[in-house]
Amino acid sequence: MVKKKKGWPVLAAGAAMLLFSGVPSAWGVFRKPAAEEYGFGDSQSAFVLNLTVAAFGVGCVLGGLLQDKKGPRAACLIGSGLLAAGFCAAAACPAGAMWLFYLGFCLPAGLGCAFLYPAVMSCVQQWYADKKGLATGAAGVGFGLSGLALTLIVRWTSGMWGIRGSFWCLAALTAIVCGGGSLVMTLPPAGPKGEKAGLAPRQVLVSRDYRWLTAAVALATPAVLLFSPRIVEMGQQRGLEQNAAIWAVALGAACNAAGRLACPAVSDRLGRRRTARLLLWGLAGLSVAFAFARGWWFLAGYGALCFFYSGQAALLPSFVTDLFGPGWAGVNYGLTALGMTAGSLAFPLALELAGGDWPRHLTAALAAAAGAFCYRRLPEKEKH
């Protein structure tokens, strides 16, 4: 009874904080006004997303370690400060200073999101240990809806104050919502606060399961990250008007949230590995079909990709806990999330050399299929 009574504020606060931490999923709506304001080229502004996701992957290790050592409140407070500082740096960055934007925005924003995400996910899993998938899915709805929330904020504020004004507003909102929510993030009184059940990080790093799981995470990234930075331009090329193409970001966010809520809950019954493999095979097929989508079918295809991608990503926190134990769940999740760093940097750089749409779709499809094979090499743990 104590868990259920006190767990809801933690779950709600976690979802609210994650609402502002999905910067990568919303970069498509920032990209064009930011490029015009700061004078960035097409490839430069696209690389903002890749670098932010890379910083997220590295930051998950640091944030997870801090969460395991000092608790979720400390990790969330520092993450909130980093994310707010990233928005402030973006607002103050002079035009044409691309590398300053990378250092001032991408790194602290990616790190801030990374400090928040594993801390929230690890904390809610301890409150709802018997329903880890459902709990992480409910908290992850905030992360999924982040793209929609940021789209609405940017569309509204940039019309009045420009993109710099939007960044200042986001900095203030992040400080208030995430900073305030951090104070609620505490572990359950009867939870395994002082226990370290399961594998320590050094044991995880040398394990076979870690290698296969991290490879699967890396191979899943192209299915959305090769399309997301250019989704508005792609929509216009596929027959959508500019306003409709911009709302592809909002639709992707709604589908992202749905995937994060539904798929972990399904995995509580179906099993993590089986659910992940189904989602990755779905990504493989959709990546090919998406190449032929035009008009409103383009929006539907992008929404489906976001649903499947976010669903498999949302399985990762509970998958890591199932495989390696709850004692070091934060840092072990971060170590596995390094696959996102590798995938978000390697695949876009490789595609810059190839160019064209077909290599993009084919790479996403083949990588997702390879990720499904990696999951097959992991053990079945069907009862959660």
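Which residues form one aromatic cluster? The members are Tyr38, Phe87, Phe101, Phe105 and Phe167. The model is predicted. It holds 15 aromatic pairs.

Start with Tyr38 and Phe101. Their ring centres lie 5.2 Å apart. Their planes meet at 55°, so the pair is tilted rather than edge-to-face, a class that needs an angle over 60 degrees. Tyr38 belongs to helix H2, residues 23-38. Phe101 belongs to helix H5, residues 98-127.

Now turn to Phe227 and Phe290. Here the ring centres are 5.3 Å apart. The planes stand at 75°, so this pair is edge-to-face. Both residues sit in loops. Phe227 lies between helix H9 (222-225) and helix H10 (231-237). Phe290 lies between helix H12 (272-289) and helix H13 (296-324). The pair therefore ties together parts that are 63 residues apart in sequence. Phe227 and Phe290 are both buried.

Phe290 has a further partner. Arg238 lies over the face of its ring, at 5.7 Å from the ring centre. Phe290 thus takes part in an edge-to-face pair with Phe227 and also has Arg238 over its face.

Terms used:
Residues numbered from 1 in each chain as written. Predicted model: local features only at pLDDT ≥ 70, side-chain atom pairs only at ≥ 80, totals over all residues. Heavy atoms only, no water. Phe/Tyr/Trp six-rings, centres within 6.5 Å; stacked < 30°, edge-to-face > 60°. Helix = DSSP H or I, 4+ residues; strand = E, 2+ residues; numbered from the N terminus. Buried < 20%, exposed > 50% of the residue type's maximum accessible area, 1.4 Å probe, protein only. Lys NZ or Arg CZ within 6 Å of the ring centre and 35° of its normal.
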